[in-house]
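Please have the sequence and the structure at hand while reading.

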Amino acid sequence: PNLLHRTNRAKAESVLLKFEEELLAYDLPNELTIVYSALKKIHLNTEKYYHYSSLYNKHIAYTLALDKAQDLMVSFMLHLGEYHASGDENIIRMFPPIRYELDAVCHLYRSHHLMVYRNIMAVSMALFLHDKKLVTDDAPVEDMLVETEQIILSYPLDSAYHYLKTVIYFLFFEYYHSLGQDKKEEQYFDLINSQLPYFLNFN
């Protein structure tokens, strides 16, 4: 409101465009809708109004898609826990539709957040479900883990990634443990162990 009502229009637009640049880099669509809403108001009587209206609508849709992806991740992890607790093979049938739906969301948007969620799900399927039919089209597990870790480390100010970093360490640990690579496994064990009280609260 201060930018809209008590700041020179040119200066206000310059500040908002700087916000836009940073928020695009960090892939934060919800915050971008606030920026585009303000830019729409500044350009109410110019031809740019329709441009910013379009971007506003696009990022509203993307915000919902990101929320959907997070819900799919939680659903996947809950079913994975049920499967390991019960050993019920019927639960395995629930995983392909969840994976298919997440892949569909990921194809709609170029997003490093969506890529991180997709990689976590794909690696978890490879490590914990032991059904090669579910992961035939995926990259090697180590490649997906390295890619995901690089994305997370590239955005140190992203609060969600601050927590997901421990998830990636856990998946690295499980991967190297499955291969019997003790030295690599040990470094990730230490990273997880220091965060264990918090990690146990993760879905």
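## Ring pairs and their cluster

Rings of Phe, Tyr and Trp (its six-membered ring) are taken as a pair if their centres lie within 6.5 Å, and planes under 30 degrees apart count as stacked, over 60 as edge-to-face and the rest as tilted. The model is predicted, so local features need pLDDT of at least 70 and side-chain atom pairs count only at pLDDT 80 or more, while totals for chains, interfaces and linings use all residues. Residues are numbered from 1 along each chain as its sequence is written, and side-chain values use heavy atoms, with hydrogens and water left out.

By this rule there are 13 aromatic pairs. In phenylalanine 172 and tyrosine 176 the ring centres are 5.9 Å apart and the planes lie at 15°, so this pair is stacked. Ring pairs also join Tyr169, Phe172, Tyr175, Tyr176 and Tyr188 into a cluster.

Phenylalanine 172 is buried (under 20% relative accessible area, with exposed over 50% and partly exposed in between, for a 1.4 Å probe and protein chains only), its own value being 1%. Tyrosine 176 is likewise buried, with a relative accessible area of 5%.

## A tilted pair

Phenylalanine 173 and phenylalanine 189 form a tilted aromatic pair, with 6.1 Å from centre to centre and 45° between the planes. Phenylalanine 173 is buried at a relative accessible area of 15%, whereas phenylalanine 189, at 40% relative accessibility, counts as partly exposed.
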